[in-house]
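Please open the model in your viewer and keep the selection panel at hand.

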Amino acid sequence: MPFDGIYISREIPPVPTGGQKRPRKYLYIALAAILFTSIFGALYFFETTTIFVRKPIPLPTEENQNFLNQVTQCFIPIATVYGYDLRITAGFRSITEQTQIYNSGRTLDGHIVSEAPPGHSLHNYGYAVDVADRTAGYNLNWTKLVKIASYCSLESGGVGDLPHFEYRDGLTTDQFLAGMRPPPLTLPCAVMASRSATGTPLTLRDLNACGAPKF
Ligand SMILES: [Zn+2]
């Protein structure tokens, strides 16, 4: 056959094999990155765990309402039944206020008034009150008041801090600082909530009906 000037190669060029693997590798990396971001993003958003991601816990700015209810609907009304006229002299205290109080007698003039550094008093978390009697001041039967407080699930500040009552349920201040909180308190008797709601004083008869001990 004579050569007509046109030559068509019948050879089919080989299909490149290495070229398709590279983009797929990047696809896998991208997918893994998306998966990783969404899992940890979800953990962070829903706070399902604090093992991997710890969201900063905002410090409270006021007394815990559940704790305060226990003080004003259980502790103080029972104390009133037994002849005391308690008022709350200190409740929530910010870190700034705690710093000033802690520095008093240390770096500032004055007496030492607190042994708790900032962040290490339950006043800083809204789980503590200090009380005094409107007429007798601090000249009170603290043993009796500690028993009343204990009936209301509140804990005394102890010998060194008698006017102080708090609720920590075994948690340390470091645990409070890390964001942990005790479970909500419940009133020992339902009548306490209704007395508070209607503004009528709790009576000894109420306490007897509740099955409360004599204090
Ligand atoms: Zn206190």
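At roughly what angle do the axes of helix α2 and helix α6 cross? Before selecting them, note that this is a predicted model, in which local features need pLDDT of at least 70 and side-chain atom pairs count only at pLDDT 80 or more, while totals for chains, interfaces and linings use all residues. Residues are numbered from 1 along each chain as its sequence is written.

Select residues 65-81 for α2 and residues 191-198 for α6: their axes cross at roughly 95° and come within 9 Å. Here axes are lines fitted to C-alpha atoms, for helices over the stretch in contact, and angles run from 0 to 180 degrees between N-to-C directions. The two helices are therefore roughly perpendicular, a term covering angles of 65 to 115 degrees.

Next, display T72, Q73, C74 and P77 of α2 with M192, A193, R195 and S196 of α6, the residues that make the contact (C-beta atoms, placed from the backbone, within 7 Å).

Now turn to the sheet. Four strands form an open, antiparallel sheet in the order β1-β2-β4-β3; strands pair if DSSP finds at least two bridges between them. At the edges lie β1 (86-90) and β3 (155-156), each pairing on one side only. Select residues 128-133 to show β2, which pairs with β1 in the antiparallel sense over four bridges. Within this pair, I88 stands opposite V131 of β2.

Finally, select the whole protein chain, which holds seven helices and four strands; these are DSSP runs, H or I of at least four residues for helices and E of at least two for strands, numbered from the N terminus.

Technical notes
Parallel < 35°, antiparallel > 145°, perpendicular 65-115°, else oblique. Contact = placed C-beta atoms within 7 Å.
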